[in-house]
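Here is a colleague's note on the structure shown below, written as numbered points. Please read each point with the structure open beside the text.

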Amino acid sequence: MPLLDVKLSGAPDAALAETVAATLSELTARILRKDPKVTAVAVSFIPAAQWFVGGTALASGARASFSLDIQVVDGTNTKDEKAAYLEAVFSAMSGLLPNLDPESYILVREVKADAYGYGGRTQESRYVERKLKAA
C-alpha cells in the first residue's frame, strides 16, 4: 500500500507518466515486496526552467531530473532492500529520462503503521486483524 509521489522535469507527457508509474510499481512490488493492487502512484511534471540543480536550471543544460518520495510502513523493508530499490529506480529512470542529472533524489519514507493507511483504516489495524484470523 505504498504511496509514490513522483516529480519529473519537463512538459507534461501522459505516455511517459504511464510508463514511469508502471515501472515504479513493478520495482516496488519486486524489490520492496509491496502489493501492486494497493500501490498508488502520483506523477507530476515541473518545467525544466523551474527545476534547479546547483543554482542552474535544468533547461540551460538540456538535462532531466526526477524525485521520488515513497511511503512504506516502518520495519517492513531491510536496509539492503532499500539500497537495491534506490539503485534499480535510478537505473530505470536513467533509461526513461534522457540526460538524467545525477542529482535526482529518491526517498523511502518509513512511517508508523498506526499513523498510515488507506480506506479509512491504519496498517496497524490490518496487521492485528490478520494476526487474529491466523490464531
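1. The largest pocket has a volume of about 350 Å³. A pocket here is found on a 1 Å grid over the protein atoms alone, as an open set of points where a 1.4 Å probe fits, with protein on both sides within 12 Å along at least five of seven lines, and its lining residues have an atom within 4 Å of a point. The volume is the space filled by probe spheres set on the points, which are joined across faces, edges and corners.

2. This is a predicted model, in which local features need pLDDT of at least 70 and side-chain atom pairs count only at pLDDT 80 or more, while totals for chains, interfaces and linings use all residues. Residues are numbered from 1 along each chain as its sequence is written, and side-chain values use heavy atoms, with hydrogens and water left out.

3. Which residues lie nearest the centre of the largest pocket? They are M1, V73, T76, Q123 and R130, out of 19 lining residues. The elements that give two or more residues to this lining are β5 (66–73) and α3, and α3 provides the largest share, with five residues. By class, the lining has nine nonpolar, three polar and seven charged residues, where Ala, Val, Leu, Ile, Met, Phe, Trp, Tyr, Cys and Pro count as nonpolar, Asp, Glu, Lys and Arg as charged, and the others, Gly among them, as polar.

4. The protein chain has three helices and eight strands, and along the sequence they follow the pattern β-α-β-β-β-β-α-β-β-β-α. Helices (H or I, at least four residues) and strands (E, at least two) are DSSP runs, numbered from the N terminus. Of the 135 residues in the chain, 37% are buried; buried means under 20% relative accessible area, exposed over 50%, and partly exposed in between, with a 1.4 Å probe and protein chains only.

5. R33, in the loop between α1 (14–32) and β2 (40–46), has a phi near 60°, and N99, in the loop between α2 (79–96) and β6 (105–111), has a phi near 55°. Most residues other than glycine have a negative phi, and most peptide bonds are trans. R33 counts as exposed because its relative accessibility is 51%, whereas N99 is partly exposed because its relative accessible area is 48%.

6. The count of salt bridges comes to eight, a salt bridge being a side-chain nitrogen of Lys or Arg within 4 Å of a carboxyl oxygen of Asp or Glu. The side chains of K82 and E110 meet in one of them, at 3.1 Å from N to O, and this pair links distant parts of the chain, since K82 is in helix α2 and E110 in strand β6, 28 residues apart. K82 is buried, with a relative accessible area of 18%, while E110 is partly exposed at 33% relative accessibility.

7. In helix α3, K133 and E129 lie four residues apart, about one turn of the helix, and they form a salt bridge whose closest N and O atoms are 3.6 Å apart. K133 is exposed, with a relative accessible area of 65%, and E129 is partly exposed at 35% relative accessibility. R121, E129 and K133 are linked in a network of salt bridges.
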